[in-house]
Amino acid sequence: MKTFRTTRRMMITSTALAALALSTVAVTTANADPSEQEPAKHVISTVVDFGAYTSDVVENPEDSEDRDPTVNATNNTLAVSPDGVFAVVTNSYSDHLVVIHLKSGSKVAEIRGYVSPRNILFDSKSESFTVSDSARGVVDRISTTSFQVTKRLPLGAGVFGTSQSPDGKTLYANNAAADTVTVVDQANNRPVDVITGFHEPRQGTKVSHDGKTLYVTNYNKGDSKLSIVDLTNPAHPKTELDGFHGLRAISVDSAGDRLYAANSANDTISVVNLHDTTDRESIQVGDMPYGAALSPDGTVLLTGNKADNTLSVVKITHEDGKVKHTVLDPVTSGDKGYLKAPRQAISFSNDSKTAYVLNEDLTIAQVDIATRTVTKVLGR
C-alpha cells in the first residue's frame, strides 16, 4: 500500500473546498442515438476527455492497482436500476462501464473514457446514474436513454465511494486521498459542504433509511474504524466504532437497529446493535469476504468471498423478539453459471428473490435466493 503525500492531500482538500462555488457542468458524448436504442443494440459511447487532477495517471499499468496513483486500491461496483431494466457494472482497473439489459442478459452499451471508475448509483426514477472516477477526480451523471454524460462535477482526485439520501436530493462522495466526504446538491450539481476527519474513506458508505445518519468506513489495513455522522446537525458530529478487521462493506437494516460489516481480514460479518454498539455478534463466512448486501425485505445478507469464489448466505429471522442469524450453504459455481472473485458488488431485485453478483470479468452471476444457485450469467 503506497502512502499519500501530505502536499497532495492538502491540495486535494483545497480543491474540494473550492468546488463549492462550481455550478452545473454539461458534457456530451458521441455515437449514442436515443431514438435508435433497443435492448439488443450495442451502443458505444465515449466520454469527453475532461482531464484529471493528477497529471501522472497510468493508462496501461503493469499492476492494475497502479492505474490510479492517487488511491492505490482496487474495487468493483454494480448497480441495478429501480425499474429492474438495466445493470451497470465496472471495476477500478477498467477504462469503461458496461450496461447490461437484465431480461435479455445482453450487453447494450459500453461507456468508455474512464481511468479508475469507483462507484455507481441510480436515481430513483431509473432515468440516470452517477459514476465516480478517482483518477479523473469527477462524478458524472449519465442518461439511461442516450448513455450520454449529461452532467460532470469535479470533486478532486481520490473521489471514491458514493451514497445518496433516500429522497435522492443529496449525494455523499468519499475522497480517499483527502480524508473527506463532500456533500452534493444533486438538483443543482454542486457541492454544498465538505465533512472532514476521516481516514482514507473508500467504497463503504451508507445513508440510513431515514436520511439522518451517514456511515463511512475508514480503511486502515488490518484494524478499521467506522465513522457514524449525524446529518441533522450542521456541525456533523461523528462517533467512531472500532473492532473491525479489514472492513470492506456495510449495510444497515431499514429500522436502523443493526449494522452489518464485512471483515475481509478475519472472514467474518460483524453485526452491531446500533442502540448499544457494545452488543455485537460475529458470523463466520467464506474466505476473504468483501460484501455485506442486505436484501430489501431484510431476510437475507450476502457477501462475496473473493478468495474462494463463493457467495455466503446468512438467513435473518425474528424469534421471541430476538434476531437470529443462520449461515446457510454457500452459493458456488454450477452447471448454469459461475462466480469469479466476487467482491462487494451485489444487488437484489425489488422482490428480494434474485441477487446479481458482479464477476471479475464484468459479467453478472444471477442467483436464485431460494435455491442458492447461479441460474445464468449475464453480459457474456
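## Strand pairing and nonpolar cores

Thr268 stands opposite Gln284 in β21. The model is a predicted one, in which local features need pLDDT of at least 70 and side-chain atom pairs count only at pLDDT 80 or more, while totals for chains, interfaces and linings use all residues. Residues are numbered from 1 along each chain as its sequence is written, and side-chain values use heavy atoms, with hydrogens and water left out.

Strands here are DSSP runs of E with at least two residues, numbered from the N terminus. Two of them pair if DSSP finds at least two bridges between them. An open sheet of four strands runs in the order β18-β19-β20-β21, with antiparallel pairing. Its edge strands, β18 (247–252) and β21 (280–284), each pair on one side only. Direction ignored, neighbouring strands of this sheet are turned by 20 degrees against each other on average; the axes are lines fitted to C-alpha atoms, and angles run from 0 to 180 degrees between N-to-C directions.

| Strand pair | Sense | Bridges |
|---|---|---|
| β19 (258–263) and β20 (268–273) | antiparallel | six bridges |
| β20 and β21 | antiparallel | five bridges |

β20 and β21 form a hairpin, with six residues between them.

A nonpolar core is a set of buried Ala, Val, Leu, Ile, Met, Phe, Trp, Tyr and Cys residues joined through side-chain atoms within 4.5 Å. Buried means under 20% relative accessible area (1.4 Å probe, protein chains only). The largest such core has 18 residues, of which Leu97, Val99, Ile111, Tyr114, Phe129, Ile142 and Phe147 touch the most other members. At least two residues of this core come from each of β3 (86–91), β4 (96–101), β5 (106–112), β6 (117–122) and β7 (128–133). The largest share, three residues, is supplied by β5. Contact means heavy atoms within 4.5 Å. Beyond its neighbours within four places in sequence, Leu97 is in contact with residues including Val88, Ala109, Ile111, Tyr114, Phe129, Val131 and Ile142. Apart from this core lies another, of 15 residues, among them Val300, Phe348, Ala355 and Ala365.

Leu302 is found in strand β23 (residues 300–305). Leu302 is buried, with a relative accessible area of 1%. Not counting residues up to four places away in sequence, Leu302 touches Gly291, Ala292, Ala293, Leu311, Ser312, Val313, Ile346, Phe348, Ala355 and Ile369. One of these, Ile369, is 67 residues from Leu302 in sequence and 9.8 Å away in space, C-alpha to C-alpha.

Terms used. Buried means under 20% relative accessible area, exposed over 50%, partly exposed in between (1.4 Å probe, protein chains only).
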